[in-house]
Amino acid sequence: MLQKLIIAACIYILIIIGLALYSRKGERTSKNYLMAGSSLGSLLGMFTFAASLFSTFTLMGMPDFFRVHGVGAWIFLAFSDALMVFGVIWFGYYLRKSVKESQHEYLGMAGFMEKKFNSKWVGYLMFIGVFIFLVPYVAIQIRGISIFLNQAFPDALPLWVWASSLVVVMLVYSELGGLKAIIYSDILQGVLLLIVVWIIGVFCLNSLGGMEAMFDQVEAKNDKLLSVPGPKGLFTLQFFIGSAMGIMLLPFSQPHISTRIMIMKDNKSLYRMALGLGFFAILVILPTAFIGMYGAINYADLSPAEFLGKTLFTDQSEIIAVLVTIGLIAAAISTSDSLLFALGGELRSLLKGEDKQMVNIARIAIVVFGIVCLVFALLSNDQLVLLARTSFAGTSILAPLIFTGILAKNPAAHKWLAIPTLIGLILFVCSSLGILPKVYVGIRAEIIIPIVLGVIALGAVFLSRS
Amino acid sequence: MKDTIWKICCALVIIIAVLTLSPLVLSEGKHKPELMGMPYILWVGIAISLLLWVITYVGVLFHPGKDD
């Protein structure tokens, strides 16, 4: 089995490195290297958006989430994603319009906010904010797939070697070909993700005797899985509101996604891309529910790694198991490289100087970010979905500042908003680490902080107008 | 007209979001009525996702900045 996996992995790596070499055409400017020329059509846009959004978190985290917390997980992700897609159309338009009107060459949200607020401190704050919360998000992708590989091949390699190999592969091909290479490989990775998740989903459904039989067995095993708040009481109203807020704001608060809004050819392509993405989300999330229910019936008491190892690997035929493994590697790589690259782009957007030299600095920074994420991956825990959710919620704290920059008439007059945003970030980090309470006046920190910041920003804009 | 339909779409999305997060959908311990064996929260959740997609589709057709 390991031999087959190595052959399949080599073919896969050769293809993506081939794509990276193919996309090396043209001069290595910031626009070409970091923004892929900024003329993406809707189909390519949909795949790259989907591949960077749906990751190990979806393919491995969501089945486990359904298994442990029940079918309310659908509302957590699919409902929030549907709102996010509408948000891409609603506010994506304003983001593109604002960039166009400011005649700014968009290379990252940090640089754009620096320009709009006319304050380098706002730019630095944006960069620090995304760095703090994206590093754990990249780390869980790497860790997720590494623990799966370690579970599938316990005697082959230690966890740190799996994790390091993944980081090396993604750094090599993204360094070679830039964002274009990532976008081309995202097509391959998006298709693989969809095929793999459906193969396993249908397998799980069939082996349980179809939809009705499956839910009958789940009801007999633990009927709390079939409703909210789920067996562990996680799915409360506040949990859903916090998740929806975090996920809805992703296209603006997480740079790898806002970059994808900005590199679309025109608004029409953006809207078509968003529609495709909305449908893709439903298609990807549905089978993860079947996989989760299969786990709830057969592997209720196992750890996440053991459940995933058995369901996605041991219970499958050899060919499917190899395909699943490659699909998982692809999903992890596609999101991680986009995130690492976006961090490089954010840094580049803050740098001033000769373009070629700045691109080279960004490339070195991407390698450094990759190493930081690798270290974090080796130290983090296995709660993939909850760590991802912390990342979504954390970056959403930046959203009021970003929306002020995009929508306000004179954002420079409100540069002081960086101070409450910084306080909000510190409060959120402290409450996530358990240093401060997670709940204030009965409301969870991840809800109350962005709301308070939003009210402050709205008040400031309203007062300055009147 | 275009602008009005777009605004209606925005309003509908907000209303559906509020209704989804209300006890109408998030009713504790409720898993009936079922549809094709699926528990209440799952099939209603799928229906809401599809409905939001349809509204987004209509919204795209009538978005005021579509041809910018």
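Leaving aside its neighbours within four places in sequence, which residues is His414(A) in contact with?

Author: This is a predicted model, where local features need pLDDT of at least 70, side-chain atom pairs count only at pLDDT 80 or more, and totals for chains, interfaces and linings use all residues. Residues are numbered from 1 along each chain as written, chains are lettered from A and ligands numbered from 1 in written order, and side-chain values use heavy atoms, without hydrogens or water.

With those neighbours left out, His414(A) touches Phe117(A), Thr404(A), Ala408(A), Ala460(A), Val461(A) and Ser464(A). Contact means heavy atoms within 4.5 Å. His414(A) sits in the loop between helix 18 (399-407) and helix 19 (418-432) of chain A. Helices are DSSP runs of H or I, at least four residues, and strands are runs of E, at least two, numbered from the N terminus. His414(A) is buried, at 4% relative accessible area. Buried means under 20%, exposed over 50%, partly exposed in between, with a 1.4 Å probe and protein chains only.

Now an exposed loop residue. Asn118(A) lies between helix 6 (109-117) and helix 7 (120-152) of chain A. Asn118(A) has 56% relative accessibility and counts as exposed. Its phi is positive, about 55 degrees, though Asn118(A) is not a glycine. Most residues other than glycine have a negative phi, and most peptide bonds are trans.

One peptide bond in chain A is worth a look too. Val228(A) to Pro229(A) is cis, with omega near 10 degrees. Pro229(A) is in the loop between helix 9 (211-222) and helix 10 (237-248) of chain A.

The loop between helix 1 (2-20) and helix 2 (40-62) of chain B holds Pro33(B). The bond from Lys32(B) to Pro33(B) is cis, with omega near 5 degrees. Met36(B) is in the loop between helix 1 and helix 2 of chain B as well. Phi of Met36(B) is positive, near 50 degrees, and the residue is not glycine. Met36(B) is exposed, at 56% relative accessibility. Across chain B, buried residues make up 46% of the 68.

Last, a helix pair. Helix 3 (residues 42-53) and helix 12 (residues 255-262) of chain A pack at about 175 degrees, axes 10 Å apart. Axes are fitted to C-alpha atoms over the stretch in contact, and angles run from 0 to 180 degrees between N-to-C directions. The two helices are therefore roughly antiparallel, a label for angles over 145 degrees; under 35 is roughly parallel, 65 to 115 roughly perpendicular, the rest oblique. Helix 3 of chain A contributes Thr48(A), Phe49(A), Ser52(A) and Leu53(A), and helix 12 of chain A contributes His256(A), Ile257(A), Arg260(A) and Ile261(A).
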